[in-house]
Amino acid sequence: MFKCSACGKYILIQCTCGGKAVPAEPPKFSAADKYGKYRRMAKSFNYAKNQ
Ligand SMILES: [Zn+2]
């Protein structure tokens with residue numbers, strides 16, 4: 001997915017306004033990955049604690 005650098009619209013290939021298309025990562029994915037990292041850290045911490 002791309003985002004138009006001129007008008008800020010999310011586009012698939014090229015915006016109709018002719019602006020430059022820049023790669024756009026949906027913010028949901030990075031947030032989920034961040035929380036997944038903390039969840040794994042918490043899980044390994046509890047695991048070590050129980051041993
Ligand atoms: Zn545009």
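How many bridges pair strand β1 with β3, and in which sense? Strand β1, residues 2-4, and β3 pair over 3 bridges in the antiparallel sense. The model shown in these views is predicted.

**Figure 1. The elements of the protein run β-β-β-α from the N terminus on.** The protein has 3 strands and 1 helix. Of its 51 residues, 0% are buried. Among contacts with a separation of 6 or more, 0% join residues 24 or more positions apart.

**Figure 2. Three strands form an open sheet.** The order of the strands in the sheet is β2-β1-β3, and the pairing is antiparallel. Strands β2 and β3 are the edge strands, each pairing on one side only. Strands of a sheet pair through backbone hydrogen bonds, and the pairing can be parallel or antiparallel.

**Figure 3. Cys 4 has a bridge partner in β3.** This partner is Ala 21. Strand β3 covers residues 21-23, and strand β1 covers residues 2-4.

**Figure 4. Cys 15 lies in the loop between β2 and β3.** Is Cys 15 buried or partly exposed? Cys 15 counts as partly exposed because it has 19 C-beta neighbours inside 10 Å, while a buried residue needs 20 or more. Phe 2 is 13 residues from Cys 15 in sequence, and their C-alpha atoms are 9.1 Å apart in space.

**Figure 5. Lys 20 lies in the loop between β2 and β3.** Lys 20 counts as exposed because it has 11 C-beta neighbours inside 10 Å, and the limit for an exposed residue is 12 or fewer. Which residues does Lys 20 touch, not counting those up to four places away in sequence? Lys 20 touches Ser 5 and Ala 6. From C-alpha to C-alpha, Lys 20 and Ala 6 are 6.6 Å apart in space, although 14 residues separate them in sequence.

How values were computed. Residues numbered from 1 in each chain as written. Predicted model: local features only at pLDDT ≥ 70, side-chain atom pairs only at ≥ 80, totals over all residues. Helix = DSSP H or I, 4+ residues; strand = E, 2+ residues; numbered from the N terminus. Contact = placed C-beta atoms within 7 Å. Pairing = 2+ DSSP bridges.
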